[in-house]
Amino acid sequence: MDTYMAKDLPFPESPVVPEMVDGSKNIQFRCRQGIACWNACCSNIDISLTPYDILRLKRRLGLASAQFLQQYAVPYELEKDGIAGIKLKPVSGGSACQFMTPEGCSVYEDRPTACRYYPVALLSMRKQDEYTDTHSYALVKEEHCLGHNEPRSLSIDDYRAEQGLTEYDEQGRGWRQLVLKKMSSGPTVGKPSVKSRQLFFMTCYDLDTFRAFVDSGPFNELYDVPPVERQAMMGDTLQAEQALLQFGYRFLRQVLFGEETIPLHKEAAEKRRAQAREKAFAAEREAAEKLAREEDPRDEGFDD
Ligand code: SF4
Ligand code: SF4
């Protein structure tokens with residue numbers, strides 16, 4: 001069970017039906033308690049979590065985001081040596097979801113995006129250096145899932161609405177766009193630094209730590225967040241955490257791609273730029289000195 005991005009386009013052995021369709025396409029499907037395959041899909045999971053999935057689940061469980069990550073998540077590489085993704089951690093020593101019960105999903109109202117989409121696969125694509133992504137869908141037909149034999153037909157758009165995906169997609173869009181932009185920016189942009197990978201991880205997946213970061217002195221010395229905006233995102237209501245997450249996406253676009261939408265305190269920004277210039281200059285000087293040492297003829301035994 002998973003949502004698919006452009007890079008995961010179906011291949012011959014895949015259970016994904018190799019036909020890309022739009023939201024008006026009708027599917028025949030129903031999942032219901034009592035069906036012979038009940039819980040089969042939740043017994044063998046491979047579920048990627050969006051930042052909004054984590055937000056909803058940690059609230060549901062009354063956990064801080066760091067605790068949630070520790071107990072219920074495993075990181076994986078979204079791209080080689082690049083930014084991280086998060087998957088649901090199955091039960092210890094098994095492949096079943098920790099939230100599966102005989103009656104079904106114990107966190108149903110807050111279940112992740114991938115669980116809501118199933119058996120539809122979301123194919124998200126974007127052109128290089130554009131933020132606007134386009135969506136199409138595909139159908140996932142796995143042998144064990146008998147929901148495809150149920151006599152109910154509805155459009156993918158209606159299925160998405162039924163599964164509460166409008167809100168989930170809206171809240172996950174900023175993250176999906178960042179990931180797609182990072183993936184399609186290719187080798188010209190290079191490997192992200194350790195620091196930018198850490199910032200990405202904290203901002204997207206560890207929201208409580210990100211809130212403390214936004215509340216910290218060093219952050220506020222540099223960023224000039226308007227008080228009304230700050231107030232709207234610093235509480236612990238769902239609305240405030242949604243606002244904080246959206247602010248986080250903007251923050252990452254600014255830090256990773258230089259898209260400045262969060263105002264900076266002029267003096268602090270200038271001081272930072274001067275420090276960055278000095279650091280770059282020092283690095284250049286060090287490299288030049290190293291090169292000079294390497295090319296020094298005395299090293300080759302030509303001096304007298
Ligand atoms: S979160 Fe719920 S729906 Fe999703 S795999 Fe786990 S038990 Fe199944
Ligand atoms: S019908 Fe499909 S989605 Fe529903 S319980 Fe069975 S395997 Fe899972």
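Guide: A residue is near a molecule if its C-beta atom, placed from the backbone, lies within 6 Å of it. The model here is predicted, and that criterion gives the shells of its ligands.

Visitor: Which residues surround ligand 1?

Guide: C42, I45, I47, C97, F99, M100, C105, V107, R111, P112 and C115 do. By class, ten of the shell residues are nonpolar, none is polar and one is charged.

Visitor: Which residues are around ligand 2, and how do they divide by class?

Guide: The shell of ligand 2 holds C31, I35, C37, W38, N39, A40, C41, Y118, H144, C145, L146 and G147. Nine of them are nonpolar, three are polar and none is charged.

Visitor: N39 and Y118 are both in that list. What is the phi of N39, and where does N39 lie?

Guide: Most residues other than glycine have a negative phi, and most peptide bonds are trans. N39, not a glycine, has a positive phi of about 75 degrees. Its place is the loop between β2 (26–28) and β3 (48–49).

Visitor: And which residue does a peptide bond join to Y118?

Guide: Y118 is joined to P119 by a cis peptide bond, with omega at about 10 degrees. P119 belongs to the loop between α3 (113–117) and β8 (120–126).

Visitor: Turning to helix packing, at what angle do α5 and α11 pack?

Guide: Angles under 35 degrees count as roughly parallel, over 145 as roughly antiparallel. Helix α5 (residues 165–184) packs on α11 (residues 238–257) at about 15 degrees, the axes being 9 Å apart. Therefore α5 is roughly parallel to α11. The crossing is left-handed.

Visitor: Which residues make the contact between α5 and α11?

Guide: From α5 come Q171, G174, W175, L178 and K181; from α11 come Q242, L245, Q246, Y249, L252, R253 and F257. This contact has six nonpolar, four polar and two charged residues.

Visitor: How do the axes of α7 and α11 cross?

Guide: The axis of α7 (residues 194–205) comes within 10 Å of that of α11, and the two cross at roughly 170 degrees. That angle is why α7 counts as roughly antiparallel to α11. S196, L199, F200, T203 and C204 of α7 meet G248, F251, L252, V255 and L256 of α11. Seven of these contact residues are nonpolar, three are polar and none is charged.

Visitor: Where does pLDDT stay under 50?

Guide: Where pLDDT is low, the predicted coordinates should not be read in detail. In this model pLDDT stays under 50 over residues 1–12, which have 29 contacts beyond four places in sequence. The protein averages a pLDDT of 87, and 88% of the residues score at least 70.

Methods: Residues are numbered from 1 along each chain as its sequence is written. Chains are lettered from A and ligands numbered from 1 in the order in which they are written. This is a predicted model: local features need pLDDT of at least 70, side-chain atom pairs count only at pLDDT 80 or more; totals for chains, interfaces and linings use all residues. pLDDT is the predictor's confidence in each residue, from 0 to 100. Two residues are in contact if their C-beta atoms, placed from the backbone, lie within 7 Å. Ala, Val, Leu, Ile, Met, Phe, Trp, Tyr, Cys and Pro count as nonpolar, Asp, Glu, Lys and Arg as charged, and the others, Gly among them, as polar. Axes are lines fitted to C-alpha atoms, for helices over the stretch in contact, and angles run from 0 to 180 degrees between N-to-C directions. Helices (H or I, at least four residues) and strands (E, at least two) are DSSP runs, numbered from the N terminus. Angles under 35 degrees count as roughly parallel, over 145 as roughly antiparallel, 65 to 115 as roughly perpendicular and the rest as oblique. A crossing is left-handed if the near helix is turned anticlockwise from the far one by less than a right angle, and right-handed if clockwise.
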